[in-house]
Amino acid sequence: MGAMKVTLTGGNSFGLRGELDKLVANFLDEHGDMALERLDGEEATFERMQEALQSLPFLASKKMVVLRGPSANKQFAENAERLLTELPETTDVILAEPKLDKRLAYYKFLKKATDFREFVPLDASGLARWLMQAAKDRGGSLSSSEASFLVNRVGANQQLLGNELEKLALYDPKITRANIELLTEATPQSTIFELLEAAFAGNTKRAFKLYEEQRALKVEPQQIIAMLAWQLHILALVKTAGDRTSDQIAREAKLNPYVVRKSAAIARKLSLPELKTLIANLLEIDTRLKREPINADEALQNYLLQLASR
């Protein structure tokens with residue numbers, strides 16, 4: 001059996017790391033830890049990486065070399081085709097390259113000559129499906145609606161979602177909405193978006209309830225203003241993006257595509273002048289809070305009323 005050459009790439013660091021850990025664990029089960037070498041492309045010299053790939057295994061029938069970001073070493077990227085083509089059959093190699101420039105010959109070679117596995121960030125529906133499968137793998141269950149609720153409550157960070165799922169499954173393998181509400185906390189950023197959604201939908205009762213929840217969680221008015229400003233900034237990016245898709249906007253602005261797609265629904269209901277007015281009014285509140293002894297909660301609740309009545 002020939003050498004295994006695997007490239008792991010993409011912006012989903014959680015998925016990439018999970019696949020790397022699985023590949024390494026399977027290899028160690030069969031060949032032991034003496035047969036594993038890990039090198040970082042930002043620290044290891046080209047000569048050290050070359051030696052690791054070309055040398056024979058020690059006290060084992062095979063060896064595995066894990067290279068993290070080897071293209072950070074320009075000499076490695078220039079010689080990768082030769083090194084991987086001449087790789088001994090006794091050596092498996094994994095190249096963990098989260099960010100690859102698709103224009104380079106190095107990328108094209110890896111795509112063609114290695115087992116190329118790309119891990120893209122999951123959107124809300126993708127995260128929900130992943131949570132359902134992860135719960136099943138643990139011998140539990142999580143419905144589609146509960147999985148979506150967990151994503152909306154905690155946010156789109158897959159690592160955090162994984163941690164929360166582990167906690168929920170240990171409490172009760174059958175994960176319910178009641179247990180999600182009991183054992184997890186809504187992330188401020190996620191809830192601020194829900195607050196905006198409620199206000200823009202004219203649901204002032206829910207908007208005020210979400211605001212009060214934030215204050216009960218010790219989130220200060222200045223923090224709420226900062227988060228509202230960030231959400232309005234995303235709305236402005238979406239509103240002025242022309243015919244670019246949500247994925248293109250997310251890539252250019254370095255945002256999660258899930259966040260952009262959620263914001264697009266609100267942006268469609270707003271005119272650009274309305275959005276500019278909302279941003280200006282929020283800025284005015286922020287400025288007044290820093291200069292005058294005004295009631296911050298009252299000012300922000302009046303702002304929510306403005307959003308709801310627009």
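Helix H9 (residues 188–200) is mostly covered, with 10 of its 13 residues buried; helices here are DSSP runs of H or I of at least four residues, numbered from the N terminus, and buried means under 20% relative accessible area, exposed over 50% and partly exposed in between, with a 1.4 Å probe and protein chains only. The model is a predicted one, in which local features need pLDDT of at least 70 and side-chain atom pairs count only at pLDDT 80 or more, while totals for chains, interfaces and linings use all residues. Residues are numbered from 1 along each chain as its sequence is written, and side-chain values use heavy atoms, with hydrogens and water left out.

The buried residues of H9 include Ser190, Thr191, Ile192, Phe193, Glu194 and Leu195. Helices H6 (144–154), H10 (204–216), H11 (221–239), H13, H14 (272–291) and H15 (296–309) are those against which the buried residues of H9 pack, contact being defined as heavy atoms within 4.5 Å. The end C-alpha atoms of H9 are 18 Å apart, in agreement with the 18 Å that its 13 residues should span at 1.5 Å a residue; the expected span is 1.5 Å times one less than the number of residues. After H9 comes Gly202, which has a positive phi, near 80°.

One of the helices packed against H9 is H6, where Glu146 is found. Glu146 is buried yet lacks a salt bridge, and the nearest side chain of opposite charge, that of Arg177, is 4.2 Å away. A salt bridge requires a side-chain nitrogen of Lys or Arg within 4 Å of a carboxyl oxygen of Asp or Glu; for charge, Lys and Arg count as positive and Asp and Glu as negative, with His and the chain ends not counted. Leaving aside residues up to four places away in sequence, Glu146 touches Ile175, Thr176, Arg177 and Ile180. Arg177 also lies over the face of Phe149, at 4.2 Å from the ring centre; the criterion is NZ of Lys or CZ of Arg within 6 Å of the ring centre and within 35 degrees of the ring normal.

The structure holds 20 salt bridges. Arg48 and Glu51 form one of them, at 2.9 Å from N to O. These two residues are 3 apart in helix H2 (residues 46–54), a separation of about one helical turn. Arg48 is partly exposed at 33% relative accessibility, and Glu51 is partly exposed at 42%. Another salt bridge joins Arg138 and Glu166, whose closest N and O atoms are 2.8 Å apart. Arg138 lies in the loop between helix H5 (124–137) and H6, and Glu166 in helix H7 (residues 158–171), so the pair ties together parts that are 28 residues apart in sequence. In a further salt bridge, Glu252 and Arg244 have their closest N and O atoms 3.1 Å apart. Glu252 is exposed, at 51% relative accessible area, whereas Arg244 is partly exposed at 38%. Salt bridges with shared partners join Glu19, Lys22, Asp115 and Arg117 into one network.

Aromatic pairs are counted for rings of Phe, Tyr and Trp (its six-membered ring) with centres within 6.5 Å, planes under 30 degrees apart being stacked, over 60 edge-to-face and the rest tilted. The count comes to 3 aromatic pairs. Phe76 and Tyr106 make an edge-to-face pair, 6.5 Å centre to centre with 80° between the planes. Phe76 in helix H3 (residues 74–85) and Tyr106 in helix H4 (residues 105–113) are 30 residues apart, and their pair links distant parts of the chain. Both Phe76 and Tyr106 are buried.
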